[in-house]
Amino acid sequence: EAQAPRKRGLAIPAGIGRSDFLQALEELAQTLGKEHVVLNDQPLEDGWLIYELEPNTHDSYMIMDGEETVSSACVHPGSVDDVQLVVKWANKHLVPLYPISMGRNLGYGGAAPRVRGSVVVDLGRRMNEILDINPDDCTCLVEPGVSFYALYEEIKKRGYTMWVDTPDLGGGSIIGNTLEHGVGYTPYGDHWSTHSGLEVVLPTGDLLRTGMGALPGNNTWQTFPYGFGPISDGIFSQSNFGIVTKMGVALMPDPGGCESFMYTFEREDDLLPLIDIVRPLRIANLLENVAQIRHSTIELAVSGLPRSHYYQSTGPIPEEVLQSHLEATPLGRCSWIYYGTSYGPENIRKYKLDIVHREFTKIPGAKRIDPQTLPKDHYFWSRARIAGGEPDFEELSYMNWVPNGGHLGFSPVSPTRGLDALKLWKIAKKRHDEHAIDLFIAFCVGLRELHMINLVIYDRGSAQRREAVEKCMRSMIDDAAEQGYGEYRTHLLFQDQVARTYNWNDNALMKFNEKLKDALDPNGILAPGRCGIWPERYRGRDWEI
Ligand code: ADP
């Protein structure tokens, strides 16, 4: 994989001189330990292989000038005391910090800070303990460096039968993903809703515990998320109001079996009736997990073969070319694929699956694919593992689609209604066509809402393609907002734009966030600009993009 040469040298945070900054780092190294303060002055590792390296220097999926979001240094605190020490140090020297858990937030900014020259606080490197697993309550308490995979392994090692809900890629941090409102695919797929209790270092260095954690001697921190008084947890997710050092998570007991299933639908227009069929089944919990409805082009991309294998010209892949390739796969010709899973013992599953079959096959041409007919390396089995609580890494095979593949996520939410899904899909389609980008659409079905997950895949080596995806993203965000749709999460570089779309009543929400920011972080040191929230010291000074 390529290494990008540095053109701009070491990134020093704005407002502090180079030698003052280096001296301040020296001071920090004396208390934290030399080996735990690492200058970011080496060539920047590029590419998705970096996923395995726990990247903590920059965004390896750069779209604009990659050196714009590069850190100056990375520190590795080993304890909560260390985190507090780093925060106090940052306040003293007015150095922006950017906390990450494991930095694997691929497609949304990776480990990159929003402000060039920030010091990355890599929590996961040394604070990676599973502090508690409670098989009676089915809960656990983890530190930032605990990945879905590590928790899964530990539960297995201890012989427990509880499940971990994992996102598409199991190597990321549980805390990092939950704070970003990430989703997984078992019935516990909404990660934020299954967390209980946070421990937070505030931007001034004070330490607090939320919920029942505020009551000394409690044994309910992980079982009752609310405690007494306002629920403060929410302000620490998708924000820059604190550094989370511990989090409680509910674990799902083994339901006594599970079974994944797949249906294909012939026509693109089937999306509308399909989603209207899915809605009541999902709300009634007959469809029990966060399922995915994927457009069939994805079937080609997850094969791991490049686009050029399927189609040599530029522009959208013609329908007939797509279908002729699909014909050669076990799915056959189709436009949409539904990946779902049913839970419980066989007789219980059968009851639910029969209803699903009856409802799905109301759509002419709907076809259940018998999993037994699929080869062992088919992508279906990757989805089945994830829906059964087993972490997986298959999803990365997407990145072979173009040379130097990188991705961004466009992720608006809508109610689970066919018309809404159709509108969002059309927005994405129009803008992708305009910029000659292949369209990869999956709808993740939450309880009452859809996340449309649109992976925008591009060649990172081409400045022209990077510009095209940026334009495409910016217009989709605006188009969606115009029709009343907003993103649930976005890449660092679009966070200002997305935050601006949530502007009801003269930006009342952002004004509230800014008030909180200024009160909690008077020096504006913590992750300035994250999620569009800028501290007073930065506001109106051309930082917003
Ligand atoms: P993952 O490894 O799960 O992909 P990251 O560590 O990249 O997650 O976290 C995603 C984003 O969430 C980070 O860029 C950061 O802004 C925020 N974040 C992650 N962990 C913490 C934390 N412990 N405290 C505060 N913010 C965090």
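**Helix pairs, a buried helix and domain contacts**

Helix 5 crosses helix 9 in a right-handed manner, where right-handed means that the near helix is turned clockwise from the far one by less than a right angle, and left-handed that it is turned anticlockwise. The model described here is a predicted one, in which local features need pLDDT of at least 70 and side-chain atom pairs count only at pLDDT 80 or more, while totals for chains, interfaces and linings use all residues. Residues are numbered from 1 along each chain as its sequence is written, and side-chain values use heavy atoms, with hydrogens and water left out.

Two packed helices are described by the angle between their axes and the distance between the axes. Helices (H or I, at least four residues) and strands (E, at least two) are DSSP runs numbered from the N terminus. Axes are lines fitted to C-alpha atoms, for helices over the stretch in contact, and angles run from 0 to 180 degrees between N-to-C directions. For helix 5 (residues 271-283) and helix 9 (residues 346-360), the angle is about 155° and the axes are 10 Å apart. Helix 5 is therefore roughly antiparallel to helix 9 (angles over 145 degrees count as roughly antiparallel, under 35 as roughly parallel, 65 to 115 as roughly perpendicular and the rest as oblique). On the helix 5 side, L274, I277, V278 and L281 meet I355, E359 and F360 of helix 9. This contact has six nonpolar residues, no polar ones and one charged residue; Ala, Val, Leu, Ile, Met, Phe, Trp, Tyr, Cys and Pro count as nonpolar, Asp, Glu, Lys and Arg as charged, and the others, Gly among them, as polar.

A second pair is formed by helix 1 (residues 18-32) and helix 2 (residues 80-93), whose axes come within 11 Å and cross at roughly 160°. Helix 1 is thus roughly antiparallel to helix 2, and their crossing is right-handed. Here A24, L25, E27, L28, T31 and L32 of helix 1 meet D82, L85, V86, W89, K92 and H93 of helix 2. Seven nonpolar, two polar and three charged residues make up the contact.

Helix 11 contributes L424, I427, A428, R431 and H432, and helix 12 contributes C472, S475, M476, D479 and A480.

Helix 10 (residues 379-387) has eight of its nine residues buried, so this helix is largely enclosed by the rest of the structure; buried means under 20% relative accessible area, exposed over 50% and partly exposed in between (1.4 Å probe, protein chains only). Among the buried residues are Y379, F380 and W381. The buried residues of helix 10 pack against strand 9 (162-163), strand 14 (258-265), strand 15 (291-295) and strand 16 (336-343). Just after the helix, G389 takes a positive phi of about 80°.

T139, in strand 8 (residues 139-142), is buried, with a relative accessible area of 5%. T139 and T223 are 84 residues apart in sequence, yet 7.4 Å apart in space, C-alpha to C-alpha. Beyond its neighbours within four places in sequence, T139 contacts residues including D132, Q222, T223 and V249, contact meaning heavy atoms within 4.5 Å.

On the scale of the chain, the domain assignment gives domain 1 (3-122), domain 2 (130-253), domain 3 (258-492) and domain 4 (502-545), with bounds from an automatic or database assignment. The C-alpha centres of domain 1 and domain 3 lie 35 Å apart, and 20 residues of domain 1 are in contact with 21 residues of domain 3.
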